[in-house]
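Here is a short note for someone opening this structure for the first time. Please keep the sequence and the 3D view side by side while reading.

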Amino acid sequence: MNNCLLCGVGGQGTVLASRLIAQAAMERRFFARTAETIGMAQRGGCVVSHVRIGDDCQSSIIPLGGADVLAGFEPGEAVRCLNYLKKNGLAVVSRTPVHPVMNSLTGEPYSADEMIEFLRGNAARLIVLDAYEIAKECASARVLNVAILGAVAASGELPVSLDDVEKALRTKIKPQHLDMNLKALAIGAKAKEERL
């Protein structure tokens with residue numbers, strides 16, 4: 001069984017990304033389950049999606065310490081969900097912050113750099129992507145989720161390939177948005193694991 005936990009905030013495409021992974025797995029004849037836990041049903045609220053792939057899956061919720069991959073679309077959310085990652089699991093994370101709603105309300109300082117440093121010190125394996133650079137190259141900030149999927153698929157940690165994810169994209173994404181998403185997928189696939 002393979003498990004991928006995706007986390008971010010509302011509006012980042014976390015749920016779509018989990019459905020793309022599940023679609024890619026099902027196309028390869030794997031059994032896949034998904035579940036979402038959504039903190040707030042609006043932009044800015046935390047969103048966590050669980051994807052479990054394999055026949056021996058009894059629950060759609062990944063247990064703590066059970067994720068092969070943690071896909072973090074927002075660095076603070078990745079830190080918050082790090083306890084789901086296996087000891088030698090891979091974290092694929094955006095370095096670009098989306099300030100949480102509670103941070104906006106309380107005015108407490110929030111540093112994405114501190115979150116990335118924490119991940120460097122506490123994740124066995126790490127890939128860090130820059131959402132600003134991806135947005136610049138793809139002419140859209142809305143493709144970060146697909147770039148992270150590219151890195152996840154290229155890592156080999158899940159039983160779905162880059163081609164499998166591309167096929168799922170072609171069935172789920174509107175034609176007018178497909179080219180920029182395919183570009184983001186390719187950019188993410190080139191991301192390298194940091195040496196920690």
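This is a predicted model: local features need pLDDT of at least 70, side-chain atom pairs count only at pLDDT 80 or more; totals for chains, interfaces and linings use all residues.

1. **Helices α6 and α7.** Begin with this pair. Helix α6 covers residues 144-155, and helix α7 covers residues 162-172. Their axes come within 9 Å and cross at roughly 150°. Angles over 145 degrees count as roughly antiparallel, and α6 and α7 are therefore roughly antiparallel to each other. The crossing of α6 and α7 is right-handed. On the α6 side, V146, L149, G150 and A153 make the contact; on the α7 side, L162, V165 and L169 do. By residue class, this contact of α6 with α7 holds 6 nonpolar, 1 polar and no charged residues.

2. **Helices α7 and α8.** Now follow α7 to its contact with α8, residues 175-189. What angle do α7 and α8 make as they pack? It is about 160°, with the axes 11 Å apart. These two helices are therefore roughly antiparallel to each other. The crossing is right-handed. From α7 come L162, V165, E166, L169 and R170; they meet L178, N181, L182, L185 and A189 of α8. The residues here divide into 7 nonpolar, 1 polar and 2 charged. Note that L162, V165 and L169 of α7 take part in the contact with α8, and L162, V165 and L169 are also named in the contact with α6.

3. Which residues of helix α5 are buried? In this helix, residues 131-138, they are A131, I134, A135 and C138. Looking down the axis of α5, these buried residues fall within an arc of 100°, so they line one face of the helix.

4. **I148, inside α6.** Is I148 buried or exposed? Its relative accessibility is 0%, so I148 counts as buried. I148 sits in helix α6. Setting aside residues up to four places away in sequence, I148 touches A71, G72, F73, V92, S94 and L129. There is also a pair to look at across the chain. The C-alpha atoms of I148 and A189 are separated by 8.1 Å, and the two residues are 41 residues apart along the chain. A189 is also one of the α8 residues that meet α7.

5. **R29, a loop residue.** R29 is not a glycine, yet it has a positive phi of about 70°. Find R29 in the loop between α1 (14-27) and β2 (32-38). Its relative accessibility is 76%, so R29 counts as exposed.

6. **A139, in another loop.** A139 has a positive phi too, of about 60°, and it is not a glycine. Where does A139 lie? It is in the loop between α5 and α6. With 73% relative accessibility, A139 counts as exposed, because the cut-off for exposed is over 50%.

Methods. Residues are numbered from 1 along each chain as its sequence is written. Side-chain values use heavy atoms; hydrogens and water are left out. Axes are lines fitted to C-alpha atoms, for helices over the stretch in contact, and angles run from 0 to 180 degrees between N-to-C directions. Helices (H or I, at least four residues) and strands (E, at least two) are DSSP runs, numbered from the N terminus. Angles under 35 degrees count as roughly parallel, over 145 as roughly antiparallel, 65 to 115 as roughly perpendicular and the rest as oblique. A crossing is left-handed if the near helix is turned anticlockwise from the far one by less than a right angle, and right-handed if clockwise. Contact means heavy atoms within 4.5 Å. Ala, Val, Leu, Ile, Met, Phe, Trp, Tyr, Cys and Pro count as nonpolar, Asp, Glu, Lys and Arg as charged, and the others, Gly among them, as polar. Buried means under 20% relative accessible area, exposed over 50%, partly exposed in between (1.4 Å probe, protein chains only). The arc is that of the directions from the helix axis to the C-beta atoms.
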